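Please open the model in your viewer and keep the selection tool at hand. The tour below goes from one selection to the next and says what is found at each stop.

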Amino acid sequence: MSDPRDQWLLPAGIEEILPPQAARIESTRRALIDLFHTWGYELVMPPLIEYLESLLTGTGPDLDLQTFKLIDQLTGRLMGVRADMTPQVARIDAHHLQRDEPVRLCYLGTVLHTRPDGFSGARSPIQVGAELYGHSGAHSDCEIIALMLETLETAGVRDVHLDIGHLGIFRSLVQAASLGDAQESVLFDALQRKARTEIEGLLAEAGVAAELRDMLLALVSLNGGDEVLRDAGMVLEPANDQVHRALDHLKALAEEMMIRAPHIPLHFDLAELRGYRYERGVVFAAFVPGHGQEIARGGRYDGIGEAFGRVRPAIGFSTDLKTLVGIGDRGPAWTSGAIFAPASGDEALRRQIRALRERGERVVVELPGQDGDAQSMGCDRLLVQHGSEWVVRAGHA
């Protein structure tokens, strides 16, 4: 016979949020939506579930593997629960809004993963992010990165370090080396692990010219402060114009970020290819000491709108709200105390309770015959009758 307690077990990677953590998450959610609004980002709410072919349009196989699938009982068609809101927001810009000017959109909602992955290892993150469409270049890149940093600051996350790369460098070198899809995939994996010996063997076996082989191998060690960009300019000097445009872009980005956020340490890594099958240009991630994985990430994914009938430059970032609250030091916006009102049908008491709540006070009304007193109900003040009026008094009883 099964243990009755097993009925209350949750699936791995799925958790309940209890007080006071729920209050901190909700308070931070409100603060972030307000922050995005002040930057000119409009809130959108994509659907939690939709037909699979629409949900996965323009995405790579990784997202397909992370998506829960089920049959629509009304139509018999295959549906999916969103695992990432970014493609949905791109569809809103390209298909529904169809504006010519730059568009700024933000979003916040739960996504579901088939496997633990990403920021927290949970399978039900609360994804929050912002996207900027219709502009390419270092200025829009800097805006999104600066907004990501302010998002972390608003959530109370301290001591942030920024990691920046550019997928265009690796893509251009691979294209020049004429590597096949399978070879490119193996090289990508080895480069993420910085497995120099494997990379050397793969490039030699593929017959890649010595000059290109040296440049691809050099990506392993091109990581560090802004001096990396200077070193890369020399090491990759024989590369094509696409590579040099990517390096110039990173230099412009570094200069602008040093003005906008001089207190944030910048780390450049030309072998960092996160989002490689999805993004197309600059990529970035935020780290804090004590956490091995990034706590926020983003990048440029120009062209994703093509799948929805409209090509648009695009860049954005996303993070997990629960992760931010877990490591941030932001407290809830609400006070922890409350006012305890006695069980009474007195009309003057009802008016006073209503007035207190309109001022933002938390008032807990006693229920007739209930167990527990003001203190056990979390109240640090009482409503007591003074003549014909009801007044607030400090204390539990």
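In which sense do strand 2 and strand 4 pair, and over how many bridges? Select strand 4, residues 78–81, together with strand 2, and you will find that they pair in the antiparallel sense over three bridges; two strands are said to pair if DSSP finds at least two bridges between them. Helices (H or I, at least four residues) and strands (E, at least two) are DSSP runs, numbered from the N terminus. Within this pair, Ile49 stands opposite Val81 in strand 4.

Before going on, note that this is a predicted model, in which local features need pLDDT of at least 70 and side-chain atom pairs count only at pLDDT 80 or more, while totals for chains, interfaces and linings use all residues. Residues are numbered from 1 along each chain as its sequence is written, and side-chain values use heavy atoms, with hydrogens and water left out.

Seen together, the three strands form an open antiparallel sheet in the order 2-4-3. Because strand 2 (49–51) and strand 3 (68–71) stand at the edges with a single partner strand each, one side of each is left without a neighbour in the sheet.

Next, select helix 1 (residues 21–38) and helix 5 (residues 138–154), whose axes come within 10 Å and cross at roughly 150 degrees. Axes are lines fitted to C-alpha atoms, for helices over the stretch in contact, and angles run from 0 to 180 degrees between N-to-C directions. Helix 1 and helix 5 are therefore roughly antiparallel to each other, a term that applies to angles over 145 degrees. The contact (heavy atoms within 4.5 Å) is made by Ala31, Leu32, Leu35 and Phe36 of helix 1 and by Leu147, Glu150, Thr151 and Thr154 of helix 5.

Move on to helix 9 (residues 210–218), where Leu212, Met215, Leu216, Leu217 and Ala218 are buried, meaning under 20% relative accessible area, whereas exposed is over 50% and partly exposed in between (1.4 Å probe, protein chains only). What covers these residues includes helix 6 (167–177), helix 7 (181–192), helix 8 (196–205) and helix 10 (227–235).

Finally, pick Arg351 in helix 13 (residues 347–358), which counts as partly exposed at 47% relative accessibility.

Note on methods:
Parallel < 35°, antiparallel > 145°, perpendicular 65-115°, else oblique.
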